[in-house]
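Let's take a friendly walk through a protein model together. Have the sequence and the 3D view ready.

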Amino acid sequence: MSKLPRTLAALALTLAAGLVAAAPADAATGFTPGAPGAGDPYFPDMGNGGYDVAHYDIALKYDPATKSINATTKILASATQNLSRFNFDFLGPLQISAVTVNGRPATYQRTGAQELEITPSRGLPNGLPFVTEVTYSGAPQTIDDPALGISGWVNTSDGGLMLNQPIGAATVYPVNDSPQDKATYTFTITAPEGLTSLANGDPSGTWTKNGWTTARWVMRQPMASELTVIAIGKFTVTDGVTPGGVRNITAIDTTLDTAPGQDADFQNRTAAVTDWEASVYGRYPFGSTGGIVDDAHVAYSLETQGRPVYDRYGRPGKNPSDGLLAHELGHQWFGDSVTPKRWADIWLNEGFATYSEWLYAEHTGGQSVQASFDETYATDAGDDLWLGKVADPGRDHIFDGLVYDRGAMTLHMIRKTIGDDKFFTVLKVWPTVNRYGNASTEDFTAFVKRIAGHANAAQLDALFATWLYSEGKPAL
């Protein structure tokens, strides 16, 4: 049985003992349902209203013979209104066997595109915490969106992998699937002996009994649901410490770990990138760094919090490049620690991560940042890089080059406008003052103007209007 962190466990026990008063579930008493969406126009079905999640405790047993899971997820949340009922996002064929709220059976139904609607036996008073427990089983769904690609649970050659950006988390566990409702996590993963289970955060014990091995992982810093990861399979795992003192856990699928010294190379280059980026962006924001190389068949890498995933399917013996490491590890500050308020703000993830590639290439003696900018700017005006608005690319274009490359170019234009001293102050102070929170494009542009001072205000307003809010290839 999985455990909440100590303070949360104590609170859960208090609730279970019935020491927090709850009102009868009667709408006439002023208790009303929480909203079935979080209000993001790109993904109106994602997220929910009426509560704020503090912690997820996910206990999951995986059977590779059937590619199915048996799981119980406990969710500690606080009501933000007097709740008569509330929703989680829960998607696909997983079958629910029990739902309780504060230890009492609750009624539930599956509605809409991905809603798990729960009605507790008593209303939940505004401002007070409550614990929901959902037990379920089945083979999780893989999402293959025509515009956004594969997410959710992905079966690999020797196990399974959970990749959730942007809409996959609800295929594996009930969740308030909004980037704005970040929470801490405990993962307790059981798989047949001989398989390794990995997740976000730091390891907190492994044990084997009756042919099954259980591993517990704890992410103690707030995390958006789209950044959670579970990986089950056969891995070569290296557990070390970067020269800068950050714990570094890297893992390579054994079918891909075929070159001499490959595991040490992955570990050492991950450490080098992490420490260098910390020197530019400020203290590394999580308890450990690292990475997972797997045969995911998804054709992308993902900045899963604290431990990015790199799909190297079909490339045994080949580790991720320095540029890819710099990109995904750069996300740990930009996108993971500081997460966009809306999906329209995703350039704040991808523009910074792409600029991290440019900066690291220059740092290691490769192409200069200016040369990377010039090369990108030379792209033909008809390319999709110049179609759409960086600050509002549209739901089906959140992974377009517009967001990545033009986002990075926007940062370089800011640098040229305000100068290196102020620009690198922005790079370090922005993720520091917003650590573990959410921010929008408007928050960022206002922040840059404060750092730059009055003298650059008009130039910056024109720059933002052209590079962030207008379509077409800007003139230099």
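In what order do the five strands of the open sheet come? The order is β11-β12-β13-β18-β15, with antiparallel pairing. Before going on, please note that this is a predicted model, in which local features need pLDDT of at least 70 and side-chain atom pairs count only at pLDDT 80 or more, while totals for chains, interfaces and linings use all residues. Residues are numbered from 1 along each chain as its sequence is written, and side-chain values use heavy atoms, leaving out hydrogens and water.

Back to the sheet. Strands (E, at least two residues) and helices (H or I, at least four) are DSSP runs, numbered from the N terminus, and two strands pair if DSSP finds at least two bridges between them. The edges are β11 (142-145) and β15 (196-199), each of which pairs on one side only. β11 is joined to β12 (residues 149-156) over four bridges, in the antiparallel sense. Look for D144, which stands opposite I150 in β12.

Now turn to the largest nonpolar core, which has 127 residues. Such a core is a set of buried Ala, Val, Leu, Ile, Met, Phe, Trp, Tyr and Cys residues joined through side-chain atoms within 4.5 Å. Buried means under 20% relative accessible area, exposed means over 50%, and partly exposed lies in between (1.4 Å probe, protein chains only). L60, Y173 and F444 touch the most other members. Helix α6 (residues 401-418) gives the core its largest share, eight residues. Leaving aside residues up to four places away in sequence, F444 touches W347, L348, F352, L411, I414, V426 and W430.

Next, find two helices that meet. Two packed helices are described by the angle between their axes and the distance between the axes. The axes of α4 (residues 347-363) and α6 come within 7 Å and cross at roughly 70°; they are lines fitted to C-alpha atoms over the stretch in contact, with angles running from 0 to 180 degrees between N-to-C directions. This makes α4 roughly perpendicular to α6, a term for angles of 65 to 115 degrees. Contact means heavy atoms within 4.5 Å, and the residues in this one include W347 and F352 of α4 and L411 of α6.

Finally, visit the loop between β21 and β22, where H297 and A299 are placed. Neither is a glycine, yet H297 has a positive phi of about 60° and A299 one of about 65°. H297 is partly exposed, at 43% relative accessible area, whereas A299 is exposed, at 74%.

Methods
Angles under 35 degrees count as roughly parallel, over 145 as roughly antiparallel, 65 to 115 as roughly perpendicular and the rest as oblique.
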